[in-house]
Amino acid sequence: VAGGIPIIKALREGLSANRVEKIVGILNGTSNYILTDMMQNNSNFEDVLKKAQSLGYAEADPTFDVDGIDAAHKLLILSSIAYGVHGNPEDILVKGIRKISNEDIFFAKEFDYTIKLLGISKITDGKAELRVHPALINKDKIIAEVDGVMNAVSINCDALNESMYYGPGAGGDATASAVIADLIDIAKGNRNPMLGYAQNFKKMELIEQKNIQTKYYLRVKVEDRTGVLASITNVMSQNNISIDSFLQKPRNKGEKHTTLYFTTHLSLEANIKRVMGILENFEFVLNRPFMIRIEE
């Protein structure tokens with residue numbers, strides 16, 4: 001987990017006097033490399049993926065990396081140690097980075113955000129909330145500055161508050177460092193339980209995905225005509241979605257469509273998904289609306 005960063009030992013031993021409340025991490029070096037290149041060079045996803053494969057950062061089949069599956073596995077391991085979560089990747093909210101476009105990069109830069117694939121684990125109303133997805137985060141956050149194949153994990157605890165762990169998340173040397181450290185533990189006779197649910201934790205229940213609450217960014221490509229914006233905002237209001245900010249991308253000469261960008265206040269996952277389904281069926285909406293969650 002997290003390449004050469006000794007995050008499991010830190011979580012199991014160094015923070016054992018604390019009650020962990022939240023884990024936020026960049027846990028996949030391949031996705032972080034791709035998003036960094038897209039943000040810095042206005043590259044498109046497919047071109048950067050090919051570049052990552054040529055450099056050995058991405059596998060020939062990059063599905064586990066770019067679709068968030070690898071990060072979900074790692075987040076489950078950390079959550080098991082922290083809270084006693086015992087679940088499967090399909091039990092948690094997982095989204096990858098394939099659908100992120102240059103339009104999303106444009107919006108992120110306009111509002112001083114960057115985009116990272118985050119693994120987020122926290123306790124919400126006595127249940128574990130686990131999710132892996134691209135997120136818009138403010139550029140002034142420390143984790144926003146973690147670029148390339150580097151990984152970082154932020155852990156919030158009751159006594160220590162926040163601590164951050166940073167280091168190489170991919171590559172032969174980082175992997176070898178982690179593997180050899182495990183072998184040394186075994187040679188010394190250390191027999192710590194591998195996962196949290198082996199440590200007499202009460203099994204932590206997972207919160208349902210539809211009950212997750214966060215802020216959202218929504219991109220909608222529409223015909224540029226009267227009444228479109230009013231129709232969209234009306235649907236959002238009817239489904240308890242409160243708009244925080246709005247931006248309309250300038251049209252190129254001769255175009256008959258435009259792209260609308262919205263951010264919301266704190267909203268329910270179920271509500272934003274319902275709104276996206278309704279908008280998709282409007283005849284003036286030209287393709288499926290796209291959403292990214294916002295983390296602050």
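Biologist: What volume does the largest cavity have?

Modeller: A cavity is a set of points on a 1 Å grid over the protein atoms alone where a 1.4 Å probe fits but cannot get out, and a volume is the space filled by probe spheres set on the points, which are joined across faces, edges and corners. Here the largest cavity has a volume of about 40 Å³, and the structure holds one cavity of 30 Å³ or more. This is a predicted model, in which local features need pLDDT of at least 70 and side-chain atom pairs count only at pLDDT 80 or more, while totals for chains, interfaces and linings use all residues. Residues are numbered from 1 along each chain as its sequence is written, and side-chain values use heavy atoms, with hydrogens and water left out.

Biologist: Which residues line the largest cavity?

Modeller: Lining residues have an atom within 4 Å of a point; for the largest cavity they include Asp91, Leu93, Ala128 and Gln209.

Biologist: How much space lies in the largest pocket, and which residues lie nearest its centre?

Modeller: A pocket is an open set of points with protein on both sides within 12 Å along at least five of seven lines. The largest pocket holds about 710 Å³ of space, and its lining has 27 residues, with Ile8, Ala178, Val179, Ala181 and Asp182 nearest its centre.

Biologist: Which element gives the largest share of that pocket's lining?

Modeller: Helices are DSSP runs (H or I, at least four residues), numbered from the N terminus. Helix α7 gives the largest share of the lining of the largest pocket, eight residues, and α7 spans residues 172–187.

Conventions
Helix = DSSP H or I, 4+ residues; strand = E, 2+ residues; numbered from the N terminus.
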